[in-house]
Amino acid sequence: MTPAARVEAAIQLLDLIIAAARDQGPAADTIIAGWLKARRYAGSQDRRAIRALVYDAVRLCGERPESGRAAMLALADMRPDLAALFDGSPHGPAPVAAGEAAAAPGLAPAWLEAMLGHVDIAALLGRAPLDLRVNRLKTDRAAAMRALGAGQPTPFAPDGLRIDPPIAVEAHPAFRDGWIEVQDEGSQLIALACAARAGQTVIDLCAGAGGKTLALAADMGGPSSGRLIACDTDRARLSRLAPRAIRAGAGGIETRLLGGGREAEALGDLAAGADIVLIDAPCSGVGTWRRNPEARWRLTPQRLARLADIQARLLDLGAALVRPGGAIVYAVCSVLDAEGADQLAGFCARHPDFAVKRPFIAPGEDRGGGVLLSPGRDGTDGFFVARLERAC
Ligand SMILES: C[S@@+](CC[C@H](N)C(=O)[O-])C[C@H]1O[C@@H](n2cnc3c(N)ncnc32)[C@H](O)[C@@H]1O
């Protein structure tokens with residue numbers, strides 16, 4: 001493909017990504033993968049170049065742009081090499097018309113930027129390294145580093161490896177043999193905040209495909225040394241846990257599919273019985289903008305309010321599941337107070353029998369009783385995490 005044709009391809013992709021963000025369609029990565037799959041003529045260099053153009057343009061535009069072309073023109077305003085490619089050549093973008101507007105550069109939609117004064121927003125939009133968690137049920141960090149021939153220990157999580165720039169690890173024997181899982185250091189720290197131990201009853205209330213469940217299983221020395229119950233309302237996600245657990249040598253994890261709004265019924269037998277309840281709640285994902293920068297075009301104040309309602313409900317559900325002396329660990333991959341510090345304040349007002357404890361010694365910044373992790377400060381994705389201990 002010519003350089004101009006790559007720019008035109010990126011414009012077409014941006015149009016799809018903008019529409020998907022407006023209509024709650026698929027994520028940018030999924031759109032790009034599908035689009036490229038259907039265009040076999042694009043070679044590996046074309047693919048890399050198109051992907052880079054798309055993500056550079058997405059990162060540059062804080063508000064959702066009018067069109068892919070407006071987004072690419074914003075990038076071209078900063079890069080004369082790109083501007084020169086709007087030349088009307090075959091398969092390339094049409095020349096810029098007189099008065100044609102480029103999208104305005106920015107960090108985030110104005111309403112969100114106003115809620116993010118306490119974090120480095122530009123760092124939220126930076127490029128993420130690849131973090132791995134070494135599976136202690138199978139190996140240790142030094143052996144995994146030797147097997148991979150790459151990586152450095154992450155600064156805080158004892159089983160973390162950071163690979164920067166990222167490499168494809170899914171095809172590596174160490175991955176196939178269950179030695180490693182792809183997991184941001186922040187997620188590893190959340191599992192560590194649970195301090196799950198052998199013999200305990202641990203509920204992962206929003207387990208998804210089990211990323212943190214597997215870390216909890218490793219901390220428990222394997223789930224057969226206690227009870228580890230992974231729950232979610234999403235059948236497809238939860239069904240991905242079993243094969244991952246087998247690969248990781250962590251068979252025996254119980255799974256429970258919950259009905260949305262009827263979660264308490266499905267968990268009645270566990271009332272006041274858990275040592276630990278991890279609530280890795282559904283959230284806006286503001287803390288993962290490094291990986292999904294277009295997510296900032298999806299969020300609306302209404303959607304944020306709906307998420308906050310679900311989070312408060314899940315916290316109350318968690319409170320009913322914890323035994324006296326047990327703990328809830330509440331986490332969101334968001335740095336918005338509406339999903340973090342404000343949720344914690346509401347919970348404490350509703351449940352005076354719980355006390356807030358710092359979930360780990362380092363890293364993170366204290367915020368409203370919990371801890372905020374952020375890419376600018378801690379090098380992790382953005383998270384809010386809190387540990388709530390129930391009085392004996
Ligand atoms: C942040 S994700 C969890 C990620 C997962 N813990 C991991 O480490 O990979 C939030 C999960 O909450 C689930 N969820 C949404 N509403 C729920 C509810 N009412 N009860 C339980 N899980 C819910 C979603 O399906 C989603 O998988």
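Guide: A residue is counted as near a molecule if its C-beta atom, placed from the backbone, lies within 6 Å of that molecule. Please keep in mind from the start that this is a predicted model.

Of the 20 residues around the ligand, the ones that come nearest are C206, G208, G211, D234 and D280. Sorted by class, the shell around the ligand holds 9 nonpolar, 5 polar and 6 charged residues. Three elements, the helices α11 (211-219) and α15 (301-321) and the strand β6 (227-232), each supply at least two residues of this shell.

We can now turn to the database record. In the unreviewed UniProt entry, the annotation "binding site" covers D232 and D280. Although these residues span 49 residues in sequence, no two of their C-alpha atoms are more than 10.4 Å apart, so they gather at one spot.

D232 has its place in strand β6, which is one of the elements that supply residues to the shell around the ligand. Because 25 other C-beta atoms lie within 10 Å of it, D232 is buried, the cut-off for that word being 20 or more. If residues up to four places away in sequence are not counted, D232 touches C206, A207, G208, R237, L238, L257 and L258; of these, C206 and G208 are also among the residues that come nearest to the ligand.

D280 belongs to strand β8, which runs over residues 274-280. D280 counts as buried because it has 25 C-beta neighbours inside 10 Å. When its neighbours within four places in sequence are left aside, D280 is in contact with I190, C206, K212 and A331.

C333 lies in the loop between strand β9 (322-332) and helix α16 (341-350). It counts as buried because 27 C-beta neighbours are found inside 10 Å. Apart from neighbours within four places in sequence, the contacts of C333 are C283, G285, G287, T288, D381, G382 and F383.

In general, an α-helix has 3.6 residues a turn, so residues three or four places apart point the same way.

The domain assignment gives domain 1 (3-92 + 101-106), domain 2 (130-182) and domain 3 (193-390). The contact between domain 2 and domain 3 takes 9 residues from domain 2 and 12 residues from domain 3. On the side of domain 2 that touches domain 3, there are 3 nonpolar, 2 polar and 4 charged residues. The C-alpha centres of these two domains lie 24 Å apart.

Conventions
Residues numbered from 1 in each chain as written. Predicted model: local features only at pLDDT ≥ 70, side-chain atom pairs only at ≥ 80, totals over all residues. Helix = DSSP H or I, 4+ residues; strand = E, 2+ residues; numbered from the N terminus. Nonpolar A, V, L, I, M, F, W, Y, C, P; charged D, E, K, R; others polar. Domains from an automatic or database assignment. Contact = placed C-beta atoms within 7 Å. Buried ≥ 20, exposed ≤ 12 C-beta atoms within 10 Å, placed from the backbone. UniProt positions renumbered as here; feature names shortened; annotations may be inferred.
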